[in-house]
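I opened this model to look up its ring pairs, its nonpolar cores and one of its pockets. My notes follow in that order.

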Amino acid sequence: MSRANSSGIPKVEPVYVFVRLRPEELEGENEISNSQSLDGSLLLPSQGKKCVTILDSSTVRLTPPDGTHAHRRSVAAIDDKQHKFDHIFDTEATQEDIYAKVSPHVRATAMGYNTTIFAYGSTGSGKSYTMTGNSDAPGVIPRAISEIFSVIEQRTSEETEVFFYVRISYVE
């Protein structure tokens, strides 16, 4: 489901939703293991039941772990749920993989589009790591800043009558 035009700049869309699944985001009664089955599903160690299954690059299935059915208030809550997103990153996704999907939106910013990158999730789920990274694996913010100024440098060397106003905000 590509929404980019021939120049690689994304078409104007109100919202793109990318999901990064990490084992720490799963909840269970026991400690969570980083175990992953061969089909990309995450497993709870005590139950051995798939809780999250990545069906393809944009679809995820959520399945209640064993033993939770009795605690549910409605039958509908027991059923497996499938959700579609613009892209789903599994637990093996690197900072480079994440930025490769965000990069077209960063380049669009240099062409005059407003861009907001919003990380959402529970405490400890990896939002800060994804956004800021570390010295070995920089996150979205340092990569975006570097790319924006590289595009500006390239454009100003090619065109004399081009001006850029850059304003970046980071709220945590």
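**Aromatic pairs.** I searched the whole structure and found 2 aromatic pairs. I paired rings of Phe, Tyr and Trp (its six-membered ring) with centres within 6.5 Å, calling planes under 30 degrees apart stacked, over 60 edge-to-face and the rest tilted. The rings of Tyr16 and Phe18 have centres 6.3 Å apart and planes at 40 degrees, so I logged this pair as tilted. The rings of Phe18 and Phe89 also have centres 6.3 Å apart, but their planes stand at 80 degrees, so that pair is edge-to-face. Phe18 sits in strand β1 (residues 18-20) and Phe89 in strand β6 (residues 87-89), so the pair ties together parts 71 residues apart in sequence. I took helices (H or I, at least four residues) and strands (E, at least two) as DSSP runs, numbered from the N terminus. Ring pairs link Tyr16, Phe18 and Phe89 into a cluster.

A note on method: this is a predicted model, in which local features need pLDDT of at least 70 and side-chain atom pairs pLDDT 80 or more, while totals for chains, interfaces and linings use all residues. Residues are numbered from 1 along each chain as its sequence is written, and side-chain values use heavy atoms, without hydrogens and water.

Tyr16 is partly exposed at 23%, and Phe18 is partly exposed at 27%. Phe89 is buried at 6%.

**Cores.** I defined a nonpolar core as buried Ala, Val, Leu, Ile, Met, Phe, Trp, Tyr and Cys residues joined through side-chain atoms within 4.5 Å. The largest has 11 residues, including Phe89, Val106, Met131 and Ile148. Helices α2 (95-110) and α4 (140-158) each supply at least two residues of this core. Apart from it lies another core of 7 residues, among them Val19, Leu21, Ile54 and Ile88. I then checked contacts (heavy atoms within 4.5 Å). Val106 touches Tyr99, Ile117, Ala144, Glu147 and Ile148, leaving out residues up to four places away in sequence.

**Pocket.** I counted as a pocket an open set of points on a 1 Å grid over the protein atoms alone, where a 1.4 Å probe fits, with protein on both sides within 12 Å along at least five of seven lines; lining residues have an atom within 4 Å of a point. Of the 29 residues lining the second largest pocket, the closest to its centre are Thr115, Thr116, Ile117, Ile168 and Ser169. Helix α4 gives the most to this lining, with 6 residues.

Notes. Buried means under 20% relative accessible area, exposed over 50%, partly exposed in between (1.4 Å probe, protein chains only).
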